[in-house]
Amino acid sequence: MGTPLYISVVLPLALSTPYTYAVPEELKGQMVRGLQVLVPLGERLQAGIVWQVGVNGLDSRTVRKVQAILDPTPVVLEGQLQLWEWMAEYYCCTLGDMVRATLPAGLRFDRDAYVCACYPELPPLPSMPFLAKEMLGRVQLAKELKLELLLPVKGDRDYMKALKHLMDLGLVALEERIRRKSTPRAKIYYQVPRRCLERGGLKEVLQNVKHKGQHRAFAYAFSRIVEMGGATMASISRGELLTQGQATPGILSALEKKGLLIRTSFDSAFYTAENEEIGQLTKLSAPQQQALEQLQASMRTHGVTLLHGVTGSGKTEIYIHLIAKTLAQGKQVLYLLPEIALTEQIIGRLRAVFGSRVGVYHSRLSDSERTSLYNALRGMGGRGNHHDTSSPIPETSSSPQGPDIILCARSGVLLPFSRLGLVIVDEEHEMSFKQSSPAPRYHGRNAAIVLGRLLGVPVLLGTATPAVESYRNALEGKYGLVELTGRYGLSMLPEVELVDMAEARAKNLARGHFSVVLLDAVEQALRDNYQVILFQNRRGYAPYCQCADCGWVATCPNCDVSLTYHRVGNALHCHYCGHVAPLPLECPECHRHSLYLQGLGTQRVEEELTQLIPTASVGRLDLDTTKGAEGAQSVIGQFSDGEINVLIGTQMVAKGLDFSRVRLVGILNADALICMPDFRATERAFQLMAQVGGRAGRRETLGRVLIQTQRPEQPIFTWVAQHSYTAFYQNTIAEREALGYPPFGHLVAIMLRHGKQERVDAAAAYLAGYLRQQLGDMVLGPQAPLLARVCREFQLQILLKIPLAKSLAAVRGILLQAITSTRAQKGCSTVKITVDVDPV
Ligand SMILES: Nc1ncnc2c1ncn2[C@@H]1O[C@H](COP(=O)(O)OP(=O)(O)OP(=O)(O)O)[C@@H](O)[C@H]1O
Ligand SMILES: [Zn+2]
């Protein structure tokens, strides 16, 4: 026996610290950080990640032993572990939260409970309740049964009592077994090699293929891939070839042998095998070239560089040049985007240059595709499921290190990187980079900056409307700053005009929610064969259903919020809990028929517009139309192809879309953006208006933006109209400084929730009192948030406003103690308490 070795292990549970275990002699040589191991916890076995190797000062008699190593190589790399540590500390979450957020399903383990018979032949039995007898009979017959199969409902009390009775008699035993989460079988896809797609390729192939079935199957695959844009990375599923393509497995393998089909395990949305050469890069304009050189210089001296370029200045083109340079050094690029649903355009632009070297990691991928990509990145390409012999992933010729460019929403920062060379955060100002639930409640951009620092990789933030925090960091010299003040080529920033809706109504120059000015502009644009985007940041038809006589408003029974009327289904919906109710025929309070719909949602905009301008062909882009897997893509695609000429949408239409024929952008109700009780309201409103307006006139024709408002005198409209980010910034930063808001202080929001009001009240009062003793007037509240009740739970919020001079780490320490102490109070243990650092 050598000297004992102890390790600490992070378990995917809500535990604040890793647990310590002893390593058996035979496993000692293999212990490294990031390995996945099996350890005992209480009565059960649990998979966990090795956190520290060599923990001192332990008593070998009390420490339990590691049972097994579950994967031969680390599933979490060193850089990831360091990021976990930072995130858990900064965002007040547990390392267990990090495990759950990081590992794809195919690398996680499930626990199953089995009820096993203890005797092959039953001994004479005492008399027992009927339920127990019946249960014993079933177990005895099967020898062992999964617990969930034995109980009619999970945790059913009577059944659990009967089970306990049998266990006490020693007739059955409960056993826990651990197994790898099953991942669905990886699908097989086929691609057509590049040479066949080139001119004349098909003809030549078909001349040389004599077999009729092969002929047909190949022609089918070819035509489908041409339909998909003829890109070499496009792929078609085996299932489709077998059915629509009328192929047989024999035909497919013959075509494969001839090199006419290339087998891959990945959907084209993912990445494919061929290691293609880089396509042609666009030639940068002189200002773009200069910006590129400035960026490169800045990235040598600054960890983070902000590229502030107006809408349509060609930031994406500059990224592409930087990516090409990074790939040329044999390194990877992480490209973060706020919302993966809207990224088809950007994927297309990157694939046009980098082909299959682009990989996309998003929620539409199946568990097995995600696991494959994760494994490929950690250097275990193609063999990710080696434990699961029942479903071998077909061999692919992909490089073992996975794609070189990884396009992803915020969770991309959690992936394993072994040769990262550049991180790009596109549209860095987007507040959707922040995860609000569940923990870790992290900001993707900020986590990316830390990741860059940990790995020694430059981080590039790009946007036309920087977050106030980022711009300040740039002005202060913490970040490098490169600016592009003009659009690419002949394109100019659009002309912005305000429409006074109060005046329009008074003069009878409004129809429904449209001013006549806006209607005329839409008609004119359509007549000239241009396209239009209309922005209204609310989905549904109308946000209120109200009684004109008694003032009653339809509200959600589970949440403190009015119900939104949706035309589709003619019903009232809660946007928070999903509750749906039919539209009442009369007011439930006063029983008169005076109900009317108030307010404006995208469906109503659509309805009014089609009535007012019947020639318009309208598409809608909001959460309701994008729920299906391809929803957003199909609306965006139809608009790109000109099948529709008016696109109506929520903030989704403000995100980096590049359409060549949009001449007009209309903002229907700008006031709804501005009058929000939030210190970030002005920032969000400015960014939204500048971004959505920035979709207009992106080619030669001058674009026009019409903003409808009741209060045109507000300064924000001047900043938007003059495209003056600087004016916006100077005003906003002064206001933030005066009030001590970020970036002049940190905010931490503590939310308490419970089904009973008195429980939340008591817990919040205690917690706030505890915090106030230590932190004084940094503590605000408790107060009811905008939504005092959501999903039948009452909510109270305590806000910490922490000056920059104060150590955030010290405050977090106090906060965690305060929460522990609150949970220990009588009646408070079931109150849910969540902490959100830097909430948005
Ligand atoms: N050097 C170039 N050569 C050819 N086309 C270019 C060049 N630079 C930009 N463009 C074109 O101009 C349009 C706007 O560029 P791009 O989408 O890259 O701008 P952006 O700064 O990313 O815009 P936004 O911030 O509004 O999303 C695109 O259609 C792009 O292809
Ligand atoms: Zn609700």
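These legends go with a few close-up views of a predicted model. Local features here need pLDDT of at least 70, side-chain atom pairs count only at pLDDT 80 or more, and totals for chains, interfaces and linings use all residues. Residues are numbered from 1 along each chain as its sequence is written, while chains are lettered from A and ligands numbered from 1 in the order in which they are written.

**View 1. Helices α1 and α2 pack together.** Here α1 (residues 78–90) and α2 (residues 95–102) sit with axes 9 Å apart at an angle of about 130° (axes are lines fitted to C-alpha atoms, for helices over the stretch in contact, and angles run from 0 to 180 degrees between N-to-C directions; helices are DSSP runs of H or I, at least four residues, and strands runs of E, at least two, numbered from the N terminus). That makes the pair oblique (under 35 degrees is roughly parallel, over 145 roughly antiparallel, 65 to 115 roughly perpendicular, and the rest oblique). Look for Gln-80, Trp-84, Met-87 and Ala-88 of α1 meeting Leu-95, Met-98 and Thr-102 of α2 (contact means C-beta atoms, placed from the backbone, within 7 Å).

**View 2. An open sheet has six strands.** Its order is β19-β31-β30-β22-β29-β28, with parallel pairing (two strands pair if DSSP finds at least two bridges between them). The edge strands, β19 (495–500) and β28 (618–621), each pair on one side only. From one strand to the next, the twist averages 20°.

**View 3. Strands β22 and β29 run side by side in the parallel sense.** Four bridges join β22 (residues 531–535) to β29 (residues 646–649). Leu-534 stands opposite Ile-648 in β29.

Conventions
Two residues are in contact if their C-beta atoms, placed from the backbone, lie within 7 Å.
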